[in-house]
Amino acid sequence: YFYFFIWICLPKGCFCSYTEGKSLRDDEILQNLPVGTTATMYFKDLGPQLGWTMVFLAEYIGPLLSYLLFYFRIPYIYSNRYALSSSPHPVVTLACVCHTFHYTKRLIETIFVHRFSHGTMPLRTIVKNCAYYWGFSAWLAYYINHPLYTPPSYGELQVNYALILFVMCEMGNFSIHLTLNKLRGDGPKGRRFPMPNKNPFTWLFFFVSCPNYTYEVGAWVSFSIMTQCLPVAFYTLLGFIQMTIWAKGKHRAYIREFKDYPSLRVAIIPLIL
C-alpha cells in the first residue's frame with residue numbers, strides 16, 4: 001500500500017513527482033515507481049495551460065495570415081501608391097506560395113498527423129512563441145514583398161533549383177512526421193525508435209535521429225536561396241540553432257532508452273552534428 005503525503009494539490013495544470021525536480025510521465029503507474037511502502041508526492045502549480053494542438057494552431061495561423069497581408073500590400077504598410085498592387089517579380093509570388101504552403105502543411109499536420117507526448121504548454125510560453133513566429137513572419141514578408149525588392153542574382157536558375165530543394169524538403173518533412181505518427185500508435189508499452197522504411201525520404205533515419213528537423217532546416221535554407229533575403233537567412237540560422245538543441249536532446253534520450261540504438265546516427269546533420 002502507498003501512503004501519500006500531498007503538500008499542495010491543484011486539479012489542473014499540476015506538476016507531479018515522487019522526487020523533487022523529476023516529473024512523472026503520463027503513462028507511469030504508481031505501483032511501478034521505485035519507492036517503498038511510504039512515498040511523498042510533490043505537486044506544483046504550473047499556472048494557466050493550453051493544449052498542444054491549440055499551441056501549434058496559434059503559432060502557425062499567425063505567420064500564414066501576416067505574410068499574406070504584406071504580399072497583397074494592404075494600405076499603410078508601404079507607400080499608398082503601392083497599396084493593393086502586385087510585385088513585378090515572379091519570385092515574390094512564388095515565395096508567397098511556398099510560405100503559404102509551408103504553414104498550411106503545418107496546420108494540417110497539427111490537426112491530422114501529430115500526436116503529443118505532453119498534454120499542455122504554459123500560457124506565458126505560448127505568448128513568447130507566437131511573438132517569435134508572428135514577428136519573424138512579418139519581418140520576412142516586409143522585405144520580400146517590398147516595392148524595392150531585388151530578385152536573386154542568378155535569376156530563374158537560382159530560383160528554380162531552390163524551389164526543387166524546397167519541395168523535396170517539404171515532402172521529406174511530411175514523410176518523417178507520418179513515420180513518427182505510426183510509431184506513436186503502438187502506445188507506451190510498444191516504444192521503439194524510428195527506423196527507415198520503403199519511403200526514400202525516411203532513409204535519412206540511417207544517419208540522423210531527427211530528420212524532420214534536417215528537412216525543416218533544408219526547407220528554410222532553400223527559401224533563403226530562393227528569395228536571397230538576409231532576414232530569411234537570419235531566421236534560418238536561429239531556427240537551425242534551436243532545432244539543433246531539440247535534436248541533440250532527443251538523440252541523447254534515444255541513446256539512454258535504447259541499448260541497441262544505431263551508433264552511426266547523429267542528431268541533425270548526417271556524419272557531422
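Visitor: How many aromatic pairs does the structure hold?
Guide: The model, which is predicted, holds 25 aromatic pairs.

Visitor: Take W139 and F234. Why is that pair edge-to-face?
Guide: The ring planes of W139 and F234 stand at 85°, and planes over 60 degrees apart count as edge-to-face. Their centres are 6.1 Å apart.

Visitor: Where in the chain are W139 and F234?
Guide: W139 is in helix α3, residues 123-144, and F234 is in helix α6, residues 230-257.

Visitor: What is the relative accessible area of W139?
Guide: W139 has 35%, which makes it partly exposed. F234 is also partly exposed, at 39%.

Visitor: And what about Y254 and F258?
Guide: They form a tilted pair, with 40° between the planes and 6.3 Å from centre to centre.

Visitor: Is Y254 buried or exposed?
Guide: Y254 is buried, with a relative accessible area of 6%. F258 is buried too, at 11%. Buried means under 20%.

Visitor: New topic. What is the mean pLDDT of the protein chain?
Guide: The mean is 83, and 75% of the residues reach 70 or more.

Visitor: Which elements have the lowest and highest mean pLDDT?
Guide: Strand β1, residues 3-4, has the lowest, 36, while helix α5, residues 211-227, has the highest, 97.

Visitor: Where does pLDDT stay under 50?
Guide: Residues 1-12 are one such stretch, and the model gives them 25 contacts beyond four places in sequence. Residues 14-18 are also below 50, with 29 contacts beyond near neighbours in sequence.

Methods:
Residues are numbered from 1 along each chain as its sequence is written. This is a predicted model: local features need pLDDT of at least 70, side-chain atom pairs count only at pLDDT 80 or more; totals for chains, interfaces and linings use all residues. Side-chain values use heavy atoms; hydrogens and water are left out. Rings of Phe, Tyr and Trp (its six-membered ring) pair if their centres lie within 6.5 Å; planes under 30 degrees apart count as stacked, over 60 as edge-to-face and the rest as tilted. Helices (H or I, at least four residues) and strands (E, at least two) are DSSP runs, numbered from the N terminus. Buried means under 20% relative accessible area, exposed over 50%, partly exposed in between (1.4 Å probe, protein chains only). pLDDT is the predictor's confidence in each residue, from 0 to 100. Contact means heavy atoms within 4.5 Å.
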